[in-house]
Amino acid sequence: FPSHDTKYNDACIALSPDGQELYTFHSDENNEGDIHKCILKGEIWSEPQPLNKNINTEAWEGSCSISADGRLLFFSSERADGYGKKDIYVSTKQPNGDWGPAKNLGAFINSEDDEDDPYISTDGTMLFFSSNGHKSIGGFDVMFSLYKDAKWQDAQNMGFPLNTTDADNNSNTNYHTPLS
């Protein structure tokens, strides 16, 4: 994979459950950020290819998680139809292998602030994510929501000691700004 590095912001963000697809983030001076996919061919990763327009838009898209069965892609985006800044969306894999239209997960998950870094549990019943909205105790906190009765429940803060008054998201890296 190092041969794919550029002078811009590139990061590995997710691996498919079967280990055959590597999802990456890429931004540059013309693109705030999109999600790409590399496919493992033997022992070599393919060149990163951007996901389709159901996922990548003119807005920033920068983190994702794939369900254990490989059918659902949860991702964060700053597209205009959101509840706040960054929102979490889901897309279903179509029979042809492309990702279908993105659906915002709604106000139980998304707030007026940022929701990012989604991670779906193996059994698909818990979504973990970072948020500086909802009931954050300081900066980004780790939140979760349960999928119950065919809908996502109100986001809950994981609480202290996991969350502190500092930013407690998955990293302090700012994937929003291209490197110079």
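This note sets out numbered points on a pocket, a sheet and the cysteines of a predicted model.

1. Basis. In this predicted model, local features need pLDDT of at least 70 and side-chain atom pairs count only at pLDDT 80 or more, while totals for chains, interfaces and linings use all residues. Residues are numbered from 1 along each chain as its sequence is written, and side-chain values use heavy atoms, with hydrogens and water left out.

2. Sheet layout. Four strands form an open sheet in the order S6-S7-S8-S9, with antiparallel pairing. Strand S6 (61–66) and S9 are at the edges with a single partner strand each, so one side of each has no neighbour in the sheet. Strands are DSSP runs (E, at least two residues) numbered from the N terminus, and two of them pair if DSSP finds at least two bridges between them.

3. Pairing of S7. S7 is joined to S8 by six bridges, and the two run antiparallel. The bridge partner of Phe75 in S8 is Tyr89, and that of Leu73 is Ser91. With S6, S7 pairs in the antiparallel sense over five bridges; Ser65 stands opposite Phe74 in S7. The hairpin of S6 and S7 has five residues between the strands, and Gly70 takes a positive phi near 75° there.

4. Burial of S7. Five of the six residues of S7 are buried, so this strand is largely enclosed by the rest of the structure. Buried means under 20% relative accessible area, exposed over 50%, and partly exposed in between (1.4 Å probe, protein chains only).

5. Second largest pocket. Its space is about 320 Å³, the volume being that filled by probe spheres set on grid points joined across faces, edges and corners. A pocket is an open set of points on a 1 Å grid over the protein atoms alone, where a 1.4 Å probe fits, with protein on both sides within 12 Å along at least five of seven lines; lining residues have an atom within 4 Å of a point.

6. Pocket lining. Of the 15 lining residues, Val90, Lys103, Leu105, Tyr147 and Trp152 lie nearest the centre. Strands S7 (72–77), S8 (87–92), S9 (103–104) and S13 (151–152) each supply at least two lining residues, with the largest share, three residues, coming from S8. The lining divides into nine nonpolar, four polar and two charged residues.

7. Cysteines. The structure holds zero disulfides, a disulfide being a pair of cysteine sulfur atoms within 2.5 Å. For Cys12, the nearest cysteine sulfur is that of Cys38, 7.5 Å away, which is too far for a bond. Cys12 is partly exposed, with a relative accessible area of 48%, whereas Cys38 is buried at 0%.

Methods
Nonpolar A, V, L, I, M, F, W, Y, C, P; charged D, E, K, R; others polar.
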